[in-house]
Amino acid sequence: MSPQGPRPVTGDAPIIVVDARGLRCPRPVIELARVARTAAPGTVLELLATDPAAGPDVAAWCRMRGHLLLTETSEPAEDGHHSPVRRLRLRL
Amino acid sequence: MHPAARETLLAAIDAGWADPRRLHAEARRAAALLDQARAIIAADLGVRPGELSFHVGGGPAAIAAGLDGLRWPLRRRGARLVAGAVEHSAVIETGTCAAAQAADPDLLDLVPVDQNAQVDLAAWDRAVGAPRTVTAALQHANGEVGTVQPVAAAYESCLRAAVPLLVDGQASVGRVAPPAAYDVLVADAATAGGPPLGLLVAPERVRFARSGRREDVEFRRADAAVWVPLALAAAEAWRQTRAVAPADEAQSRELTSRLRSAVTALPDVALAGPDEERLPHVVTFSALYADGEALVTELDRRGLAVASGSACTSATLQPSHVLAAMGLLTHGNVRVTLPLAAVAPDRATSVDRLIRELPEVLAGVRADLGAVGL
């Protein structure tokens, strides 16, 4: 729901994590767009989402906005979520 | 439903109620009426009456029967089904179930499509040429985004590989000219303004036999006998709709072109499907930062009935496999299917109103989500 703040990773660029677990479409993409609005170009964002539409929709949003989708992975469902957690990483 | 089909249905409840397989006078009358209905639709499709069967359960029932009837005679060769990635769920589910039952994912090969939903012909050619392939299925046109498939080219690949092709014309046949290239053709009378009734064309030249034991109805191609009044209403709708089809198609195309231009002008909205190779009566688009369910509900409140392929509007909460396969935004999706002029004489006015009200509806839905200035 809210960004968890920059987090150091290997390499120089920090990754901003956007946690949209439990939110249904189109909310995950809206949360992502909110964070993207104030982030510098080149920033890497990582979206966590349980909505099955998040995968195709983030890919489509990246194309519409000219961002680069880097990776998409899926993890088994957590307690309280019926869908697996999708982790989508992209560069603004 | 077409008003003439409605009249026919009501009259047929009195005139054609009997079971056409019985020998009494009422039954013989029902049988003669059923023959007449079949002859009307068969003639328009350019086939013999005995090549056309009626399927209760609509297009999906005819699809299931068609796939089964093509696969069964070739069972010694294999059981692999090749289909486009945006096929009707009746095709995809048949393939998925068969693959799951045999614990063999290779039994279903879904061929990818481009961003316009058109099937990748090179991939299609490789897929139908793969060993153990015994059936292929491709839509004439997609009912969700309107894309017309390159059926003739796809059929060439099937001929080379000696794999029979089922062409799914559920969304197109009745409103536009039927495709010429197919081994088995499926349509639905509902598309021509009739009641939902599956139509299956299995020409004599094609090897076709259903698996299992079948009742002697509909040339042993259907699972159940058709209720005669339903077939009569379907034939009446077919006759009326086909008689004015060129004019209706031209007007539909003009209206949907206008709607497509208006949609393109909206901020952050992506139009689905190609500009040219498309059905004349379908317009689909996806609006970024909007909720498909909210759009449909708000338009409905204003008396404009539309559909959506967004996950929030489906019972399973899964987004449309068609939109996902095209790489199109699945949220904020709206699908407008233009009714026939005979069914909705005020359709031009409705399109004008949709064009006028859409900007406000979309802005309202986005504002409710707090999606402003993104």
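Which residue forms a salt bridge with B:Glu218, and how far apart are the closest N and O atoms? I looked this up before anything else. The partner is B:Arg38, with the closest N and O atoms 2.7 Å apart. I then placed the two residues. B:Glu218 sits in the loop between strand E7 (198-201) and helix H7 (228-243) of chain B, and B:Arg38 in helix H2 (residues 25-45), so the pair ties together parts that are 180 residues apart in sequence. Both B:Glu218 and B:Arg38 are buried. I keep in mind that this is a predicted model.

**Other salt bridges**

I counted salt bridges over all chains and got 39. One of them joins B:Arg214 and B:Asp223, at 2.3 Å between the closest N and O atoms. Another joins B:Glu360 and B:Arg302, at 3.0 Å from N to O. B:Glu360 belongs to helix H11 (residues 347-368) of chain B, while B:Arg302 is in the loop between helix H9 (292-301) and helix H10 (321-326), so this pair ties together parts that are 58 residues apart in sequence. I checked exposure too. B:Glu360 counts as exposed because its relative accessibility is 54%, and the cut-off is over 50%. B:Glu360 and B:Arg302 also belong to a network of salt bridges with B:Glu298, B:Arg301, B:Arg353 and B:Glu357.

**Interface of chain B and chain A**

I turned to the contact between the chains. Chain B gives 23 residues and chain A gives 18. Together they bury about 1,700 Å², with 63% of it on carbon and sulfur atoms. On the chain B side, B:Tyr289, B:His331 and B:Leu374 supply 29% of the buried area, more than any other three residues.

Next I looked for polar links. I found 1 salt bridge across the interface. A:Arg65 forms it with B:Asp268, the closest N and O atoms being 2.7 Å apart. I also found 8 residue pairs in polar contact. The chain B residues that touch chain A divide into 15 nonpolar, 6 polar and 2 charged.

**Chain A**

I read chain A along its sequence. The pattern is β-β-α-β-α-β-β, with 2 helices and 5 strands. Of its 92 residues, 45% count as buried. Among contacts between residues at least 6 apart in sequence, 57% join residues at least 24 apart.

**Cysteines**

I searched the whole structure for disulfides and found 0. For A:Cys62, the nearest cysteine sulfur is that of A:Cys25, 16 Å away. A:Cys62 is buried, at 2% relative accessible area. I noted B:Cys97 as partly exposed, at 47% relative accessibility.

Methods
Residues are numbered from 1 along each chain as its sequence is written. Chains are lettered from A and ligands numbered from 1 in the order in which they are written. This is a predicted model: local features need pLDDT of at least 70, side-chain atom pairs count only at pLDDT 80 or more; totals for chains, interfaces and linings use all residues. Side-chain values use heavy atoms; hydrogens and water are left out. Contact means heavy atoms within 4.5 Å. Buried area is the accessible area (1.4 Å probe) that two parts lose on being put together, summed over both. A salt bridge is a side-chain nitrogen of Lys or Arg within 4 Å of a carboxyl oxygen of Asp or Glu. A polar contact is a pair of N or O atoms within 3.5 Å; within protein, one must be able to donate a hydrogen and the other to accept it, and residues adjacent in sequence count only if both atoms are side-chain atoms. Ala, Val, Leu, Ile, Met, Phe, Trp, Tyr, Cys and Pro count as nonpolar, Asp, Glu, Lys and Arg as charged, and the others, Gly among them, as polar. A disulfide is a pair of cysteine sulfur atoms within 2.5 Å. Buried means under 20% relative accessible area, exposed over 50%, partly exposed in between (1.4 Å probe, protein chains only). Helices (H or I, at least four residues) and strands (E, at least two) are DSSP runs, numbered from the N terminus.
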